[in-house]
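Q: Hi! Could you walk me through this one while I have it open?

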Amino acid sequence: MTELLFRDDAYTRSCAAWVTAVDERGIRLDRTVFYPTGGGQPGDSGVLRLADGTTVDIVDTVKGDSADEVIHVPAPDAVPPQPGAEVTAEIDWERRHRLMRMHTCLHLLCAVVPGAVTGGSVGDGRGRLDFDVPGASLDKDAIAAGLNRLIAEGHAVAPRWIDDAELEAHPELVRTMSVKPPTGAGKIRLLEIAGVDLQPCGGTHVRNTAEIGPVEITKIENKGRQNRRINLAFVSS
Ligand SMILES: [Zn+2]
């Protein structure tokens, strides 16, 4: 089990940690700022700095077998640290921040486009969501305008934890969510964009929609009779 520092503060770029295990899959730490691939968001890259000044390049981060287990994948030629070593774990912040901006932007897209989300992916500088939209084609310019308006309005973005009992006591929360949360899982992490979107999400996000910056809809594709794929990108990264 790894303490997941990005869950409470996505802006933490580095942390001190102990190496708890090393195997052919990668390196496990007692705590980390590295986000593992999941929820459509790619895993972080970065470095582990050892006490003697050497560094181990981390090229990817993935989930382990148990909940809250994070595996830091070293570069193929890297010499991994020994279990018990103290390291400073440092993410590639420029890349992560672009992923946070795009991830938050995809939440806004859910609020702009009517229809259930059937899939999606956060990329570096670009992203896409698939919507279950029957019949009529979507208006690219209208979607871009709606999205950029929500971005410019500067809505606050914050995680919010809720348990099953609270969810039961506030059914109006579920009605406003674009995705139904799993029940029976104990604590659920919701991502709230004040007055715009609320849904279960474990990813990393910016604090305010204004931080996303201008975006454009690059392409809307038909992926099956009821499936529309909306591709977007930053106007400038
Ligand atoms: Zn999210």
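Q: Let's start with C105: is C105 buried or exposed?
A: C105 is buried, at a relative accessible area of 0%. One thing to keep in mind throughout: this is a predicted model.

Q: Which cysteine sulfur is closest to the sulfur of C105, and how far away is it?
A: That would be the sulfur in C110, 10 Å away, which is too far for a bond.

Q: And how many disulfides does the structure hold?
A: Zero disulfides.

Q: What about C15, buried or exposed?
A: C15 has 6% relative accessibility, so C15 counts as buried.

Q: OK, on to the metal. Which residues are the protein donors of the zinc ion?
A: They are H103, H107 and H205, each through NE2, plus C201 through SG. The donors lie 2.0 to 2.1 Å from the zinc ion.

Q: What's the arrangement around the zinc ion?
A: Tetrahedral, because the angles subtended by the four donor atoms run from 102 to 123 degrees.

Q: How are those donors spaced along the chain?
A: The pattern is H-x3-H-x93-C-x3-H.

Q: Where do H103 and H107 sit?
A: Both are in helix 2, residues 93-112. H103 and H107 are four residues apart there, so about one helical turn separates them. In general, an α-helix has 3.6 residues a turn, so residues three or four places apart point the same way. H103 and H107 are both buried, too.

Q: How much of helix 2 is buried?
A: 16 of its 20 residues are, so helix 2 is largely enclosed by the rest of the structure.

Q: What span should helix 2 have, and what do its end C-alpha atoms give?
A: At 1.5 Å a residue, helix 2 should span 28 Å, and its end C-alpha atoms are 29 Å apart, which agrees.

Q: Which residue caps the N-terminal end of helix 2?
A: D92 does, with a side-chain oxygen 3.4 Å from the backbone nitrogen of E94.

Q: Switching to charges: how many salt bridges are there?
A: The structure holds 12. One of them pairs R96 with D44, with the closest N and O atoms 2.8 Å apart. That pair links distant parts of the chain, 52 residues apart: R96 is in helix 2, and D44 is in the loop between strand 4 and strand 5.

Q: Is R96 buried or exposed? And D44, buried or exposed?
A: R96 is buried at a relative accessible area of 0%, and D44 is buried, also at 0%.

Q: What about E90, which residue does it bridge to?
A: E90 forms a salt bridge with R49, with 2.9 Å between the closest N and O atoms. E90 is in strand 8 and R49 in strand 5, 41 residues apart.

Note on methods. Residues numbered from 1 in each chain as written. Predicted model: local features only at pLDDT ≥ 70, side-chain atom pairs only at ≥ 80, totals over all residues. Heavy atoms only, no water. Donors = N, O, S within 2.8 Å, 3.2 Å for Na, K, Ca; no water. Tetrahedral: all angles 85-135°; square planar, octahedral: opposite > 155°, others 65-115°. Helix = DSSP H or I, 4+ residues; strand = E, 2+ residues; numbered from the N terminus. Buried < 20%, exposed > 50% of the residue type's maximum accessible area, 1.4 Å probe, protein only. Disulfide = S-S within 2.5 Å. Expected span 1.5 Å × (residues − 1). Polar contact = N/O pair within 3.5 Å; in protein donor to acceptor, adjacent residues only side chain to side chain. Salt bridge = Lys/Arg side-chain N within 4 Å of Asp/Glu carboxyl O.
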